[in-house]
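Please inspect the sequence and the structure before reading each worked solution.

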Amino acid sequence: MTGRVQAVRGMNDLLPETVDTWQGVERSAREVFGQYGYREIRFPLVEKTELYARSIGEATDIVEKEMYSFQDRNGESLTLRPEGTAGCVRAGIENGLFYNQVQRLWYAGPMFRHERPQKGRYRQFHQIGVEAYGMPGPDIDIELILLTARLWRVLGLKGLRLDLNSLGTPESRAGYRSALIDYLSMRRHELDEDSLRRLSTNPLRVLDSKNPSLRDVIEQAPELPAFLDEESRTHFAAVQSCLADAGVKFVVNPRLVRGLDYYNRTVFEWTSDRLGAQAAVCAGGRYDGLVQQLGGDDVPAVGFAIGMERLVELLRVDGEAADAHPRLHAYMVTADPSATCSAIRLAEELRGRSLRVLLHCGGGSLKSQLRRADRSGAHCAILVSKEMPVAVKMLATGTQTEMERSAVGDYLQLHCSDHGS
RNA sequence: GUGGCUGUAGCUCAGUCGGUAGAGUCCCGGAUUGUGAUUCCGGUUGUCGCGGGUUCGAGCCCCGUCAGCCACCCCA
């Protein structure tokens with residue numbers, strides 16, 4: 001046991017039992033995305049560091065202190081992706097996906113951020129993301145939100161809360177930002193340490209402060225909606241009325257600010273009160289300027305990402321959707337070692353008929369082999385011996401039937417369905 | 001990055017005042033002369049996270065370190 005190597009902090013193993021749930025979620029997501037006409041895109045886990053610096057924002061925590069960056073052998077700085085949008089945009093530009101066309105894309109996979117691990121927050125975590133390009137109107141914003149609502153329904157998830165806000169155009173957001181800085185600077189002697197720091201890094205975040213003594217300052221602060229330009233205002237109004245029309249409940253939250261610099265106009269966030277401090281299961285918004293900022297045409301875009309670990313945690317608590325792995329049809333045991341070749345041949349025949357057959361390996365008494373058969377969860381055990389015909393024993397009832405090996409396949413298909421007993 | 005709590009068998013945990021470590025579970029074997037769930041009997045589980053210090057003696061006290069959990073912060 002000495003010198004044993006541990007996993008990297010905040011990077012977890014997913015054991016088979018958990019993977020069953022993950023696969024169930026992934027399958028549901030794939031199905032729902034397909035219903036809306038979205039197609040999967042895959043892009044690298046590693047990109048040039050510059051890509052993230054230019055898209056997420058130089059002054060954000062992610063870029064400043066959370067990226068896994070390293071020097072490639074040629075001296076170039078590379079980074080393990082901390083989120084998916086930047087890579088997706090880069091891939092789209094590079095492959096001409098945005099040239100005079102609309103794209104509906106999704107992706108899934110691991111992301112990396114060097115944060116202090118806690119519940120719902122890991123250094124390697126997984127996101128499922130959806131991105132839509134080339135559509136400037138509120139209709140596509142609504143489509144994305146309806147898509148998420150449908151996914152929750154399919155998964156059997158209830159009690160999530162949807163918060164909505166509009167950040168306006170970069171210009172109106174900048175106008176608000178400077179008005180807020182002016183106001184907060186005026187009352188800076190009332191701010192706590194955290195808020196003073198945020199004042200210079202991300203002033204909109206000050207409004208999120210949980211410090212009760214700042215309540216007064218925050219309540220009297222200028223509000224973002226007042227700074228919205230006319231177009232953003234109508235856009236946001238359309239999003240709201242259409243969502244209400246579609247029967248989706250939401251709360252307009254003027255303090256909702258996404259952390260990444262590229263967001264504008266509609267932003268939204270689904271949260272749960274059962275996840276502790278990391279409550280956001282799914283969040284996203286519009287990022288109309290990003291494609292151009294990364295060297296592409298002026299292509300409008302909207303997207304969101306789902307935190308897999310958080311979603312799975314919610315399903316573990318109250319979900320119904322856990323997708324059990326399919327049961328084995330048969331666990332095959334041998335009454336004596338000389339029957340091994342014959343058992344292997346029969347197992348292969350059965351697998352050729354799409355049956356799931358586990359062949360006992362490693363010997364042992366018949367008793368111990370049958371015990372393993374029982375614990376494997378298989379519907380039945382198949383006993384193969386050298387001389388006698390094959391015996392099929394139903395493990396739930398204990399009834400045992402002898403038959404020629406050519407009859408086993410039909411017998412299993414008849415008696416070992418996943419739905420019946 | 002900051003703070004609080006916690007690290008004992010594969011898993012869940014007990015371990016009193018400092019005197020060289022225990023239960024349940026799991027696994028293996030037997031009762032059952034080749035036939036699995038229960039029952040009964042027997043058996044293996046360990047650098048007490050790691051390193052140092054105090055002590056005649058440390059799982060227990062002290063320091064450091066690593067890891068986990070929760071919160072701050074940040075975000076999916």
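**Exercise 1: a helix pair**

Helix α1 (residues 16-35) packs against helix α5 (residues 138-155) at an angle of about 140°, the axes being 10 Å apart. Classify the angle between α1 and α5.

*Solution.* The model is predicted: local features need pLDDT of at least 70 and side-chain atom pairs pLDDT 80 or more, whereas totals for chains, interfaces and linings use all residues. Residues are numbered from 1 along each chain as its sequence is written, chains are lettered from A and ligands numbered from 1 in the order in which they are written, and side-chain values use heavy atoms, without hydrogens and water.

Step 1. Axes are lines fitted to C-alpha atoms, for helices over the stretch in contact, and angles run from 0 to 180 degrees between N-to-C directions. Helices (H or I, at least four residues) and strands (E, at least two) are DSSP runs, numbered from the N terminus.

Step 2. Angles under 35 degrees count as roughly parallel, over 145 as roughly antiparallel, 65 to 115 as roughly perpendicular and the rest as oblique. At about 140°, α1 is therefore oblique to α5.

Step 3. In α1, Val25, Ser28, Ala29, Val32, Phe33 and Gln35 contact (heavy atoms within 4.5 Å) Leu147, Arg150, Leu151, Val154 and Leu155 of α5. The contact of α1 with α5 comprises eight nonpolar, two polar and one charged residues, where Ala, Val, Leu, Ile, Met, Phe, Trp, Tyr, Cys and Pro count as nonpolar, Asp, Glu, Lys and Arg as charged, and the others, Gly among them, as polar.

**Exercise 2: strand β11**

Are the residues of β11 mostly buried or exposed?

Step 1. Gln127 stands opposite Gly307, and Gly285 opposite Gly303.

Step 2. Seven of the seven residues of β11 are buried, that is, under 20% relative accessible area (1.4 Å probe, protein chains only).

Terms used. Buried means under 20% relative accessible area, exposed over 50%, partly exposed in between (1.4 Å probe, protein chains only). Two strands pair if DSSP finds at least two bridges between them.
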